[in-house]
Amino acid sequence: MSPADAISLKNAINNNTVAISYLPGNSAIISSLLPKMGDCTAVFTVAKTNMDAEISYYAGGGRDTTTLNAYRSQVFAALNGGTACAIPPQTPGDIFNANGVKYTNIGYPSNFFANAVVTTSNNMPPNLRARLVEAYNAGWRFYVYRTPDDFKASALFSTLKVSTAEYEQIRSHGALTTNIPFSVQFFFENYYTSATGNTLDTFVNQQNATATIAHEVEHINDYRSGVPSSNDAQFVAAYKAGVAAYNADSSHNPAIGANFVSNPNGQSELFAELGAYYDTSHWGVSGVTPAMSSKSYTPAQVLKYFTAAWNIMQTRKASNTW
Amino acid sequence: MKRTLALLATLLFAGSSGFAAAESTSLYLASARKAEHDKNHREAIYCLSMVLLEIFEHTPSKGGLNKEQITEELIKELREGGREAEAAHLKVLTGKELKDFLSKQISSSNPGKTIDVYSDGTLSVHSCKWNSPLPSRFSFVETPEVYRPNTAAYNKVLSLYWWFKLPTTEQLAKLPKYVETPKNSAIQDGAFKHQ
C-alpha cells in the first residue's frame, strides 16, 4: 500500500462525508484508489459503503440529521479505527533530480502525474531549462500536491502563513506562483472546479498541461529576467494597447478579460501565457502542441488583441533575452 | 552588531508578504470597521465572517477578541444587507454548521469576486480582482465560471451572490456579446497524453 494513496483516499472519503455534492469527481478518485489499498481495503470499503449509503439517503430526499450523522459517524469510525491500517504521517519529500532541474515533491501526487511534470521540465527548450537550474540554485522551489487539501495539511502551508481567504482562492486553481520574489510554485493534480463548490476535477481536464507547466515557469523567467512584464517599455505599451482593443471590442471571451484585463497581475499573466505559447511552439520534442495554459480561450482569441506583445515576445525569445 | 542585524531581519520580515498574512485578523477587523462605517454591507459581512472563522479555527492572530460582540455585528450587517433569514439563522448555529455558514458567507460576499454580464444575460464569475484587506501573494491562471441564462445553476448563482443585480433589458443590450471558447482548445499532450 502506498501511504500517499491512502492519505489521498482518506481525504477523498472525508470530503464526501461532509459534502455530498463532491460527487462525481471524488467518486472516480476513490474508485481508482481503492484497489491499491492492500491490507487497508477492508477499512476503506466500510467507509465508502457508509458514505455511499449517506449519499443515497440524501439523494432520495432524506434529510433527517440524526440519520445523516449516523452514516458520517460510521465513516469516521472506519477511517480512524484500528491500527492494522494506520496511515503513516506525511514525511518530508522526495527530491527529483531531473536533467539538471530539481523539483521538491512533498504532496503525494500519483507517480504518473509527478513523472509527467518532471518529464515536461526535462524536455523544455534548453535556454529555459538552463534558467531554471539557476533559479533552483537561487532558492526557487516547485511543489506538486495531490489536492489543495494535501497542501493545507502540509508544513509548508503553515510556513507560508496562508490565510483562510488565500486558501479559499487557492483551492480552485490547478497551478499558482507566489508573487515577487516568485520563489514558490504549486501544482495540484486534482483541485476544486468552483470557488464555491466541492467537486474535484483533474488538472489535465481543466488545463492544457504542458503549457501550464511552461506558463508557471515563465513567471520565474520573468522575475529572473528583471520583470520585463512590468519594466520593458515596449511590452508594457503593447499590453496596454491590447487592453484598449479588448475593451473596445463588442464581443468578448470573458476568460481573456479575467486573466489579462481586470486581473491586477494582467501584465505578468500575459507575459507567462505568451512565453508558454512560444515555448510549446519550440519544444524540440514531438508530441507537444503549441498552446496556452488555459482551456478557456484559444491562442487566436488572445492574439486578436495582443499581437504586438506576441511579436515582442518572439523577438526577445529568439535572441535569448527572455 | 547582532542587535542591528536582528532589527534589520525584523524589519525585512515585517515588510514581507508573510507578515501580512500573520496579521490577518487585525487587518480583517480594521477593514470590517471601515466597511461598517461606510455602510458597505458586503465587505463588512465578508470581513466579520473571516474574523469569526479565524476564532472558530483557533487561528486568530489577534488576542482579546470578543466572539459574541463580533457575532452581533455580523447579525446587524446581515440584517442591514437584507439577509434577515440568515441573520436569524446565525443566532442558533454552533459547531460545524456555524463553520459552514461562515464559509458560505465568505464565498458569497467576497469583495474580490467579480461578475461580468453579457448582452444575452450570460454571467462570468471570477475572482482575480483582489480586493481583500490582505495583499495578494499569488498569481493564478483564472478559469471563470460561466453561467448561461435559463438554467438551474444560473438561478442559484443569482441567489448566492445576493449583492449582484442583473441589468435591465435596455442595459443588457448595450453590453458586449459573449464569445464561447472553441471546444477544440482542449489539449492533452507531451508527457500528459496518456493520463
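## Basis

This is a predicted model: local features need pLDDT of at least 70, side-chain atom pairs count only at pLDDT 80 or more, and totals for chains, interfaces and linings use all residues. Residues are numbered from 1 along each chain as its sequence is written, chains are lettered from A and ligands numbered from 1 in the order in which they are written, and side-chain values use heavy atoms, with hydrogens and water left out.

## Interface between chains A and B

On chain A, 66 residues are in contact with 54 residues of chain B. Contact means heavy atoms within 4.5 Å. The two chains bury about 5000 Å² between them, and 56% of it is on carbon and sulfur atoms. Buried area here is the accessible area (1.4 Å probe) that two parts lose on being put together, summed over both.

How many residue pairs are in polar contact between chain A and chain B? The count is eight, with both residues at pLDDT 80 or more. A polar contact is a pair of N or O atoms within 3.5 Å; within protein, one must be able to donate a hydrogen and the other to accept it, and residues adjacent in sequence count only if both atoms are side-chain atoms. Between chain A and chain B, the count of salt bridges is zero. A salt bridge needs a side-chain nitrogen of Lys or Arg within 4 Å of a carboxyl oxygen of Asp or Glu.

Several elements of chain A each supply at least two residues of the side that touches chain B, among them helix H5 (111-122), helix H11 (209-224), strand S8 (251-252) and helix H14 (254-261). Helices and strands are DSSP runs numbered from the N terminus (helices H or I, at least four residues; strands E, at least two). By class, this side of chain A has 26 nonpolar, 32 polar and eight charged residues. Ala, Val, Leu, Ile, Met, Phe, Trp, Tyr, Cys and Pro count as nonpolar, Asp, Glu, Lys and Arg as charged, and the others, Gly among them, as polar.

Strand pairing also crosses between the chains. S8(A) runs parallel to strand S5 (residues 177-178) of chain B, joined by two bridges. His252(A) stands opposite Tyr178(B). Two strands pair if DSSP finds at least two bridges between them.

## Chain B

Chain B has nine helices and five strands. Of its 195 residues, 45% count as buried. Buried means under 20% relative accessible area, exposed over 50%, and partly exposed in between (1.4 Å probe, protein chains only).

Strand S2 (residues 123-126) of chain B pairs with two strands. Four bridges join S2(B) to strand S1 (residues 114-117) in the antiparallel sense, with Thr114(B) opposite His126(B). S1(B) and S2(B) form a hairpin with five residues between them, and Gly121(B) in the turn has a positive phi of about 95°. Three bridges join S2(B) to strand S4 (residues 145-147), also antiparallel. There, Glu145(B) is the bridge partner of Val125(B).

In a regular strand the side chains alternate between the two faces of the sheet. In S2(B), Leu123(B) and Val125(B) point one way, Ser124(B) and His126(B) the other, and all are buried.

Thr122(B) lies in the loop between S1 and S2. Thr122(B) counts as buried because its relative accessibility is 0%. Its side chain makes a polar contact of 2.8 Å with that of Arg148(B). Beyond neighbours within four places in sequence, Thr122(B) is in contact with residues including Asp116(B), Val146(B) and Tyr178(B).

Val261(A) lies in helix H14 of chain A. Val261(A) is partly exposed, with a relative accessible area of 23%. Its contacts beyond four places in sequence include Tyr239(A), Val243(A) and Ile256(A).

## Salt bridges

Over all chains, a search finds 15 salt bridges. Three are listed here.

| Pair | N to O distance |
|---|---|
| Arg146(A) and Glu189(A) | 3.9 Å |
| Glu73(B) and Arg33(B) | 2.5 Å |
| Glu86(B) and Arg83(B) | 2.7 Å |

Arg146(A) and Glu189(A) are both buried. Glu73(B) is buried at 12% relative accessibility, whereas Arg33(B) is partly exposed at 36%. Glu86(B) is buried, with a relative accessible area of 15%. Salt bridges that share partners also join Glu218(A), Asp279(A) and Lys317(A) into one network.
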